[in-house]
Amino acid sequence: MKFFSLNKFHVLTSLSKHLDIVIDNKIDPLNSDRTFIGWNWFSNENIFEARKKKGLQSVCVERGALPETIFLDINGFNYNSSSYDQKNWDKPLSFKQKNLISEYIKDYKQNANLTLEKQDSSCIDVDILKYKIIKRGKFKKVIFIPLQVPNDTVIKRFPGLIRSYENFLQCIKDLSRDFPHFAFVYKNHPLEKTFSSESNNLICVDENHFKACLEICDSVLTINSGVGLQSLIYNKCTYIVGDAFYENKFLNVSIKEKNDIGKAISTKFIPDMELTLKFLYWLRFEFYSSVKWTEKKDNQRFSYIESIQKINIWQN
């Protein structure tokens with residue numbers, strides 16, 4: 001494939017060392033027969049949409065929802081992409097492939113540093129977290145709520161029934177009031193602290209590692225956080241109140257009506273393990289590309305790609 005880009009965004013510059021990418025802002029993006037490659041769909045939405053109407057190919061590049069990954073998607077972006085359709089990944093796994101994804105899951109669970117964002121805690125402190133919850137009382141269920149950055153693109157563009165981040169925070173308060181026998185354990189996003197309410201069963205765990213939360217919880221409640229995807233690694237049910245690319249009736253519970261949230265979180269759901277392994281394998285080893293990121297310093301806006309191990313451009 002031959003690509004072109006209009007700017008020297010650092011990820012595209014790194015990719016140009018491995019792919020045939022011409023970076024030139026003088027190229028006519030609506031007429032070039034090369035494939036347009038752009039970082040972030042909504043930063044280049046006019047180009048993506050115009051080329052799609054003209055039948056010209058484009059590739060959207062973004063960070064993946066698993067650590068140390070990016071994706072190059074020719075079918076759209078996130079919830080609007082057809083790449084994640086079940087027919088694309090629901091295929092038998094060989095013995096070797098099963099071993100590969102099983103080893104990945106094992107390493108993911110054990111490695112506290114294998115995360116999308118640097119955590120406040122450097123260890124997966126399961127016992128400490130359990131004790132913090134037990135001190136509050138006996139609960140029938142522990143629901144983990146990984147909060148997101150309010151202005152994140154996926155919040156603004158794919159909020160689903162919840163409509164806004166502020167509505168989601170109010171929803172959390174309402175649920176904790178209506179279900180006093182459930183523990184609602186929430187963690188602010190490492191990049192932005194937006195919520196500080198607490199009660200006996202509404203518990204902030206900002207100082208704990210999110211993997212410890214996934215380990216001890218019964219289920220996850222999210223708008224569309226990448227942690228909802230990663231909950232599959234722990235075989236935990238995730239209740240989704242936004243629109244998420246990973247929603248699937250066999251893997252999680254997608255809630256489309258506000259009145260259904262309470263009923264949903266009261267219902268037990270177990271993800272299909274066979275389909276979980278198939279989806280995670282396809283996502284990590286066939287759809288996502290493997291990269292190493294530099295550690296972002298306090299004054300940096302972005303992390304930078306340190307090295308690229310493998311590039312996948314998946315086509316259905």
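**Sheet, helices and cores**

In this predicted model, strand S4 (residues 58-63) and strand S5 (residues 69-73) run antiparallel to each other and pair over 4 bridges. Within this pairing, glutamate 62 has phenylalanine 71 of S5 as its bridge partner.

Both strands belong to an open sheet of 7 strands with mixed pairing, in which the order is S2-S1-S3-S4-S5-S12-S13. Because strand S2 (20-23) and strand S13 (305-310) stand at the edges with a single partner strand each, one side of each is left without a neighbour in the sheet. From one strand to the next, the twist averages 30 degrees.

Helices pack on this sheet as well. Helix H2 (residues 45-53) touches strand S1 (2-5), strand S3 (35-39) and S4, and its direction makes about 155 degrees with that of S3. Helix H11 (residues 273-287), in turn, touches S5, strand S12 (288-293) and S13, with its direction at about 70 degrees to that of S12.

The interior comes next. In soluble globular proteins, nonpolar side chains tend to be buried together. Here the largest nonpolar core has 59 residues, and those with the most contacts inside it are Ile133, Leu229, Phe245, Phe279 and Leu283. Several elements supply at least two residues each, among them H2, helix H4 (95-110), strand S6 (141-146) and H11, and the largest share, 8 residues, comes from H11.

Leaving aside neighbours within four places in sequence, phenylalanine 245 is in contact with residues including Ala65, Tyr84, Leu229, Phe279 and Leu283. A second, separate core of 29 residues includes Ile155, Tyr165, Leu175 and Ala264.

Terms used
Residues numbered from 1 in each chain as written. Predicted model: local features only at pLDDT ≥ 70, side-chain atom pairs only at ≥ 80, totals over all residues. Heavy atoms only, no water. Pairing = 2+ DSSP bridges. Axes fitted to C-alpha atoms, helices over the stretch in contact; angles between N-to-C directions. Contact = heavy atoms within 4.5 Å. Core = buried A, V, L, I, M, F, W, Y, C linked by side-chain atoms within 4.5 Å. Buried < 20%, exposed > 50% of the residue type's maximum accessible area, 1.4 Å probe, protein only.
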